[in-house]
Amino acid sequence: MLFSSALIPTVKEAPADATNASHVLLSRAGFIRRVGAGIYDFLPLGYRVLRKVEAIVRDEMDRTGALEILMPALLPAEYFKETGRWDLYGPVLFRLKDRKGGEYNLGPTHEEVVTDIARREIRSWRDLPKTLYQVQVKFRDEPRPRGGLLRGREFLMKDAYSFDADEAGALASYEKMRQAYVRIFDRMGLTYRMVQADSGAIGGSTSAEFQVLVASGEDAIVACDKCDYAANVEVATAKAAEDDNAPAAPAPMAKVHTPGHGDVQDVSKFLGVSSKQMLKTLVYVAGKDIVRAVVRGDHEVNEVRLARALGVDEVFLASEKDVEKVTGAKVGFAGPVGASGRTVIDTTAARVRNGVTGANVTDYHLTGVDMTSLAWDEVADIRMATTGDPCPRCAGGTLASYRGIEAGHIFVLGTKYSHAMGATYIDEKQQIRDLVMGCYGIGVSRLVATTIEQHNDANGMIWPMSVAPYHVHLVTLGRDENLLATARALYSGLQAANVEVLWDDRDERPGVKFKDADLIGIPLRVTIGAKGLAEGRIELKPRTEGDPKKAELLLIADAAARIAGRVKAALATS
Ligand SMILES: [Zn+2]
């Protein structure tokens with residue numbers, strides 16, 4: 001493709017509402033344009049990437065034996081009404097009426113529609129197993145569409161649904177999909193973790209999220225550096241390192257004046273003690289109770305675990321007024337010592353000796369608190385796992401904290417939808433049984449943005465070869481006929497070798513061309529300039545190489561073969 005005849009409207013300014021790297025860069029490079037809140041055009045380069053992502057996803061789905069179908073985006077309301085999701089979905093569901101007053105919605109997901117296919121078309125155990133999938137636009141009326149393609153109101157998704165005779169079959173289908181997802185994210189050149197769902201939850205089903213590791217990600221996870229353990233911080237098991245609680249020499253307990261120092265960091269600085277010695281007390285409302293939760297100063301309360309320890313659904317931080325009422329002191333001076341009422345101590349906090357905690361008196365703290373010598377009614381694991389904690393699964397592994405973007409989700413649904421909608425089959429003993437389902441999603445358009453969240457630098461995007469809009473960005477400097485003839489020969493030589501080339505043939509300054517090349521982020525940049533040409537050489541620089549001095553010089557004679565080889569090698573690993 002010649003740059004001069006392409007549509008690549010690069011701009012200097014990012015959209016005013018863009019904060020994420022992908023939103024800024026995809027807009028600036030002319031890959032996407034905003035049409036409305038959470039609604040985007042894919043311009044030619046953006047659409048090429050989207051189609052490549054789609055092709056990888058489709059390829060891996062087909063490899064598992066899943067069958068591609070296409071369900072409508074416009075759905076009669078009866079489907080969601082049948083399972084109760086018409087009401088459950090609330091304002092996220094786009095609803096509309098036709099000219100006769102009939103109710104419809106735009107599909108946010110397709111469990112009902114696909115289950116309807118199954119109840120019509122699957123009759124007997126001989127028809128099983130079946131996995132159906134589609135690549136289809138979805139609609140969700142997000143309250144705050146943001147991040148460009150990361151959270152849109154219309155987006156492209158791959159959703160697959162498996163139908164099996166029993167739980168064991170469903171697990172086998174799930175495992176096939178899990179492996180396909182691993183291959184998809186590997187081929188896309190993404191660094192990710194497969195995060196298991198909370199196995200501790202009662203009635204929890206088998207499920208996993210694929211989290212692409214990105215500093216700007218919404219989800220906080222911890223993952224082991226040795227095994228494949230990875231979990232959401234909210235559900236991760238926090239295990240204390242053995243040496244983590246090496247006791248400081250116990251000192252006698254004393255009440256000290258800490259005027260105005262209520263914050264943990266503040267107090268530890270004021271008293272010259274480490275945050276590991278601090279005992280942080282938070283006051284929560286749990287059902288009808290007001291409860292104290294105590295963790296070490298360097299830890300955070302895990303509200304999911306706290307709620308579970310207390311046997312309630314949810315806990316909420318108490319209001320300032322309630323804190324003062326319960327502790328008799330201003331916020332920041334609460335503590336467990338001598339407190340009446342329900343108090344839950346985190347396991348690691350319970351091992352602190354020579355600790356510092358609020359005295360339940362405004363402007364006072366207690367020092368020399370030996371938690372091990374005091375009797376506590378409730379000690380439980382109520383803190384967030386964090387960097388440096390030992391791995392709960394393997395020996396010797398250490399957890400590190402990451403942030404991630406959810407790029408895929410797989411789970412065994414069981415018979416929830418099939419039972420509600422009467423999707424059954426006749427087994428070998430002529431018994432009627434519910435189909436056992438699984439469901440597997442990947443946000444295809446979201447993956448375009450997620451890739452850039454992980455692969456970018458100050459100058460622009462850095463596409464992995466497998467999903468790059470083109471493989472090679474050819475830059476010619478000058479309009480000399482000899483130079484253009486060399487470029488034309490290379491251009492056609494590369495195309496003959498199935499290499500996709502974007503040739504910047506514009507009459508622009510070198511600085512402008514190089515800036516655009518960096519912004520667009522095609523993996524290999526090939527430059528033909530008068531100086532190199534005089535020596536019979538052209539320049540090759542990978543986009544990942546920041547130092548222009550490290551560009552390779554190729555002999556013109558074998559340049560096409562060398563470049564094509566590089567492209568093939570990069571594609572082979574994906
Ligand atoms: Zn581990």
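The protein chain is divided into domain 1 (3-237 + 401-453), domain 2 (254-380) and domain 3 (470-572). The model is predicted. The centres of domain 1 and domain 3, taken over C-alpha atoms, are separated by 38 Å. Their contact takes 11 residues from domain 1 and 12 residues from domain 3.

**Salt bridges**

Side chains of opposite charge can pair when their charged atoms come close. Here the count comes to 38 salt bridges. Three of them are set out below.

| Pair | N to O distance | Relative accessibility |
|---|---|---|
| Lys52 and Glu500 | 2.6 Å | Lys52 14%, Glu500 25% |
| Arg393 and Asp228 | 2.9 Å | Arg393 46%, Asp228 59% |
| Asp289 and Arg342 | 3.7 Å | Asp289 35%, Arg342 30% |

Take Lys52 and Glu500, whose side chains meet in a salt bridge. The two residues are 448 residues apart, and the pair links distant parts of the chain. Lys52 sits in helix H2 (residues 44-63). Glu500 sits in the loop between helix H12 (481-496) and strand S28 (501-504). Lys52 is buried, because its relative accessible area of 14% falls under the 20% limit. Glu500 counts as partly exposed.

Next come Arg393 and Asp228, also joined by a salt bridge. Arg393 lies in the loop between strand S20 (378-380) and strand S21 (399-414). Asp228 lies in the loop between strand S11 (219-224) and strand S12 (230-232). The pair therefore ties together parts that are 165 residues apart in sequence. Arg393 counts as partly exposed. Asp228 counts as exposed, because its 59% relative accessibility is over the 50% limit.

The side chains of Asp289 and Arg342 meet in a salt bridge as well. This pair links parts of the chain that are 53 residues apart. Asp289 belongs to strand S15, while Arg342 is in the loop between helix H9 (320-327) and strand S17 (343-346). Asp289 is partly exposed, and Arg342 counts as partly exposed too.

Salt bridges can also share partners. Asp59, Glu60, Arg63, Arg183 and Arg187 are joined in this way into one network.

**A buried aspartate without a salt bridge**

Asp164 is placed in strand S8 (residues 154-164). Asp164 is buried yet has no salt bridge. Beyond residues up to four places away in sequence, Asp164 touches Leu128, Pro129, Gly169, Ala170, Ser173, Leu435 and Val436.

**Strand S14 and its partners**

Strand S14 (residues 279-286) is mostly covered, with six of its eight residues buried. S14 pairs with strand S15 (residues 289-296) in the antiparallel sense, over eight bridges. Within this pairing, Thr281 has Val294 in S15 as its bridge partner. The two strands form a hairpin with two residues between them. Gly287, in the turn, has a positive phi of about 65°. S15 is also the strand that holds Asp289, the partner of Arg342.

S14 is joined to strand S16 (residues 316-317) as well. Two bridges link S14 and S16, which run antiparallel. Tyr284 stands opposite Leu317 in S16.

Notes. Residues numbered from 1 in each chain as written. Predicted model: local features only at pLDDT ≥ 70, side-chain atom pairs only at ≥ 80, totals over all residues. Heavy atoms only, no water. Helix = DSSP H or I, 4+ residues; strand = E, 2+ residues; numbered from the N terminus. Buried < 20%, exposed > 50% of the residue type's maximum accessible area, 1.4 Å probe, protein only. Lys, Arg positive; Asp, Glu negative; His and termini not counted. Salt bridge = Lys/Arg side-chain N within 4 Å of Asp/Glu carboxyl O. Contact = heavy atoms within 4.5 Å. Pairing = 2+ DSSP bridges. Domains from an automatic or database assignment.
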